[in-house]
Amino acid sequence: MKRSVFLAVIAMLALTVGGQALAQTASAYAVLKDKDGKTVGTATLTQTAAGVQVAVTAEGLTPGAHGFHVHAVGTCTPPDFTSAGGHFNPDGKQHGLQNPAGAHVGDMPNLVADAAGKASATGVAQRATLAAGATSLFDADGSAVVIHANADDDKTDPTGNAGGRVACGVVTTGQLPSSSTAPAALPLNGIAAAGAALVLAALGILLRRRRASA
Ligand SMILES: [Cu+2]
Ligand SMILES: [Zn+2]
């Protein structure tokens, strides 16, 4: 029986440590607020081979295209959100996905709002990482996700002529809190699956030992 308690403790430790590591490196989120502090959207950030995928849903936008970027500083001070700095640009390139001298790591395709002002899209901040490194979104001053008033022309350095900033959210490590409107969190399923596998393995060892001693 002592052994089973020991195994259970090991399994719980593995789950706790594994879960925290996943939450710190594999995913992040941002709650997007407008100049009045009202939540107008959320973004879920996931590490991929190409960079950091940013899945955003937002509402209350003017219909049409809106510039959408990762900005260099994780500070969103209303009403103009200039505190978030310029586009995240650790490589020292020019702005624009269509600029031959581009692009910023934080550049992503326009977010397009429907007639009701709702938008959802998935962009990738190319070469960005949630882990440590030269292109980490978790550098010393953090980073922010910003939605602009106008369309990004994908060419004009350094802003794409996307106009003012209408929503801003600080990139935060971990899972989107359940209090905000959250899409299904896949990494949590991964943690649950790893936990189930560990418990099954522990049970298997126990059964084998019982059989051997019987
Ligand atoms: Cu921007
Ligand atoms: Zn840019």
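## A partly exposed aspartate to start with

Asp154 counts as partly exposed because 19 C-beta neighbours lie inside 10 Å of it. For that label, C-beta atoms are placed from the backbone: a residue is buried if 20 or more other C-beta atoms lie within 10 Å of its own, exposed if 12 or fewer, and partly exposed in between. Asp154 sits in the loop between β8 and β9, and its phi is near 65°, a positive value in a residue other than glycine. Asn161 is found in the loop between β8 and β9 too. Its phi is positive as well, at about 50°, although Asn161 is not a glycine. Asn161 counts as partly exposed because it has 14 C-beta neighbours inside 10 Å.

## How to read this model

This is a predicted model, in which local features need pLDDT of at least 70 and side-chain atom pairs count only at pLDDT 80 or more, while totals for chains, interfaces and linings use all residues. Residues are numbered from 1 along each chain as its sequence is written, and chains are lettered from A and ligands numbered from 1 in the order in which they are written.

The pLDDT is the predictor's confidence in each residue, from 0 to 100. The protein chain averages a pLDDT of 85, and 72% of the residues score at least 70. Over residues 18-24 the pLDDT stays under 50, and the model has 10 contacts there beyond four places in sequence. Residues 182-187 also have a pLDDT below 50, with eight contacts beyond near neighbours in sequence. A contact here means that the C-beta atoms of two residues, placed from the backbone, lie within 7 Å. Where pLDDT is low, the predicted coordinates should not be read in detail.

## The overall layout

The protein chain has two helices and 10 strands. Along the sequence they follow the pattern α-β-β-β-β-β-β-β-β-β-β-α. Both kinds of element are DSSP runs numbered from the N terminus: helices are H or I with at least four residues, and strands are E with at least two.

Of the 214 residues in the protein chain, 32% are buried. Among contacts between residues at least 6 apart in sequence, 62% join residues at least 24 apart.

## Following the strands

Two strands pair if DSSP finds at least two bridges between them. Let's begin with β1 (27-33), where six of the seven residues are buried. Seven bridges join β1 to β2 in the antiparallel sense, with Tyr29 standing opposite Thr44 in β2. The hairpin of these two strands has five residues between them, and Gly37 takes a positive phi near 85° there. β1 also pairs with β10 (residues 172-173), again antiparallel, over two bridges. In that pairing, Ala28 stands opposite Thr173.

Next comes β2 (residues 39-47), which is joined to β3 (residues 51-58) by seven bridges, the two running antiparallel. Leu45 stands opposite Val54 in β3, and the hairpin between β2 and β3 passes through three residues. β3 is in turn joined to β7 (residues 119-126) by eight bridges, also antiparallel. Gly51 has Gln126 in β7 as its bridge partner.

In soluble globular proteins, nonpolar side chains tend to be buried together. A nonpolar core is a set of buried Ala, Val, Leu, Ile, Met, Phe, Trp, Tyr and Cys residues joined through C-beta atoms within 7 Å. The largest one here has 40 residues, of which Ala30, Leu32, Val54, Ala58, Ala144, Val145 and Ile147 touch the most other members. The strands that each supply at least two residues of this core include β5 (68-71), β6 (111-113), β8 (144-148) and β9 (165-170). β1 gives the most, with five residues.

Ala144 is a handy residue to look up in the structure. Leaving aside neighbours within four places in sequence, Ala144 is in contact with residues including Ala30, His71, Cys76, Ala84, Cys168 and Val170.

## Two cis peptide bonds

Which residues does a cis peptide bond join, with omega of about 5°? One such bond joins Pro78 and Pro79, and another joins Gly102 and Ala103. Pro79 has its place in the loop between β5 and β6, and Ala103 lies in the loop between β5 and β6 as well.
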